[in-house]
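Here's a quick briefing on pockets and salt bridges.

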Amino acid sequence: MIGRLPAPRALVATAIAVMLAGCTVGPDYQRPSEPLPTQWSEAAPQAGSHAPVSATWWSAFGDPELDALIERALSANPGLQLADSRLREARALAAADSAAEWPRVDARGSAQRGSQSKHAPGVSPFGQGGDLGNGEGLENLFQAGFDASWELDLFGGTRRGIEAARADAEGAAFDREAVQLSLMAEVARNYMALRGAQAQRVLAQRGSDLQRDALSLARARYTGGMATDLEVAQAEAQLRDADAAVSPWEVQARQAMHRLAVLLGASPVDLAGELAEPRDEGPMPTLPDAGLPSDLLRRRPDLQLAERQVAAASARIGEATAELYPQFSLNASLGLASFTTSDFFNRQSTLWSVGPAFSWPVFRHGQVKAMIHVRDEQAQQALIAYRQSILTALQEVEDALAASQEEQHRQQALLASHAASLRALDHARALYKGGMTDFRAVLDQQQRVLQSEGAMEQSRMTQRTNLIALYKALGGGWNGERH
């Protein structure tokens, strides 16, 4: 028992125990506590009755083709594969840093033959004094053994480095999830852009067909003496304008298709046949429940990443601070050495050494302190970036909520406007057939109907895009547990 040891030995044992226990310099990290609003300013009153954000939020659009595209992107997107590689790299670096806690053991061995200088006969070519032992001046030396060293992490510099590396690895996992979330949103957004452009192209082609029928009718009435050449020219001009309106939508559809192919890790031409035909976009999903602003801290992987970056920067302050203190290590060596192979395994060929060592940067304190200031400022920058990320996340949700809700109101107004335009077109046709108005009134009203249909289709695409932005802003597609 320690109480029975003589006083000097007890003090030495206590000192060794304290040294081995060590301490950890630098600040102990605590997760930042940021004040957040208690509710969304743009949340609809009935938002609490909406469904929560699903991990497979894109399925709310009810489009199996979109589901398949997202699955393909998750398996083949180069950006996601790069994030996977960065994650594996960060985990390997963390494992390498963790190994620094353990002693290092190296095996060594050599077989050498050399000749001593005739002008310095007492100097061995292997750095050992004494005669060579033969008349030819030639000598053999055989050595083998183990060297071990263990740096005692008394002030926690190694532990802080491991802490930082682990935070980096966790941050890489969250970065990978953030890349995946952005990828799913981009696939959905470009798919909606493709289908919206295709729908607009169909509407533009329908408008062209209507104008072609109107031109045929104007020519027939002109032949019968019931219309003027001006009306025919006006109808022809309307047709040319309608034909020209088709091409821009075709270009937008193709460009969206090309972007989708790249997101799927394919050539831009690979989806041309697969997605060339337009299809029904399906029903419009309802707004999801936005939850509470504080939910973003666990929902959004980019915020988790920013927090882990703060943790890593904090740990590196302690890693730098440990450089102010002495570094102690235990070194040991055990091996065999002999001039002949016959005596190599003889007990008298054994050599060994063991003992402590230390180093202390006495004249580098200014440099070390400067590096501590650098690490401290980097930690402050990481904290500021974390706070900025939270503010940006709050803005993105509020913007998406406002845009989604206002677009719903706009859709209702556009539906009412379209219904009124159809009624006005019916009246214009009736008046024209009764000879109570000219054909220009019919053409103008047909144009208004087509414009209202195009505005409704644009609004539907905008609403879908706003929903995708809202799902992404809320951290949809990531359950907050995978990392």
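How many salt bridges does the count come to? The count comes to 28 salt bridges. Keep in mind that this is a predicted model.

**Largest pocket**
- The largest pocket has a volume of about 400 Å³.
- It's lined by 25 residues, and the closest to the pocket centre are Glu 151, Asp 153, Gly 157, Thr 158 and Gln 327.
- Split by class, the lining of the largest pocket comes out at 11 nonpolar, eight polar and six charged residues.

**Second largest pocket**
- Here you've got about 260 Å³ of space.
- Leu 203, Ala 204, Ala 245, Gln 447 and Leu 450 sit closest to the centre, out of 13 lining residues.
- Helices α4, α5 (229-244) and α10 (439-473) are the elements that give two or more residues to the lining of the second largest pocket.
- That lining has six nonpolar residues, six polar ones and one charged.

**Glu 453 and Arg 206**
- These two side chains meet in a salt bridge, at 2.3 Å from N to O.
- Glu 453 is in helix α10 and Arg 206 in helix α4, so the bridge ties together parts of the chain that are 247 residues apart in sequence.
- Glu 453 counts as buried, because its relative accessibility is 10% and the buried class is anything under 20%.
- Arg 206, on the other hand, is partly exposed, with a relative accessible area of 38%.

**Arg 308 and Glu 307**
- Arg 308 pairs with Glu 307 in a salt bridge, and their closest N and O atoms are 2.9 Å apart.
- Arg 308 counts as buried at 15% relative accessibility, and Glu 307 counts as buried at 1%.

**Glu 323 and Arg 364**
- The salt bridge between the side chains of Glu 323 and Arg 364 comes in at 4.0 Å, N to O.
- It links distant parts of the chain, 41 residues apart: Glu 323 is in the loop between α8 (301-321) and β3, while Arg 364 is in the loop between β4 (350-359) and α9 (365-433).
- Glu 323 is partly exposed, with a relative accessible area of 30%, and Arg 364 is also partly exposed, at 37%.

Definitions and conventions: Residues are numbered from 1 along each chain as its sequence is written. This is a predicted model: local features need pLDDT of at least 70, side-chain atom pairs count only at pLDDT 80 or more; totals for chains, interfaces and linings use all residues. Side-chain values use heavy atoms; hydrogens and water are left out. On a 1 Å grid over the protein atoms alone, a cavity is a set of points where a 1.4 Å probe fits but cannot get out, and a pocket is an open set with protein on both sides within 12 Å along at least five of seven lines; lining residues have an atom within 4 Å of a point. Grid points are joined across faces, edges and corners, and a volume is the space filled by probe spheres set on the points. Ala, Val, Leu, Ile, Met, Phe, Trp, Tyr, Cys and Pro count as nonpolar, Asp, Glu, Lys and Arg as charged, and the others, Gly among them, as polar. Helices (H or I, at least four residues) and strands (E, at least two) are DSSP runs, numbered from the N terminus. Buried means under 20% relative accessible area, exposed over 50%, partly exposed in between (1.4 Å probe, protein chains only).
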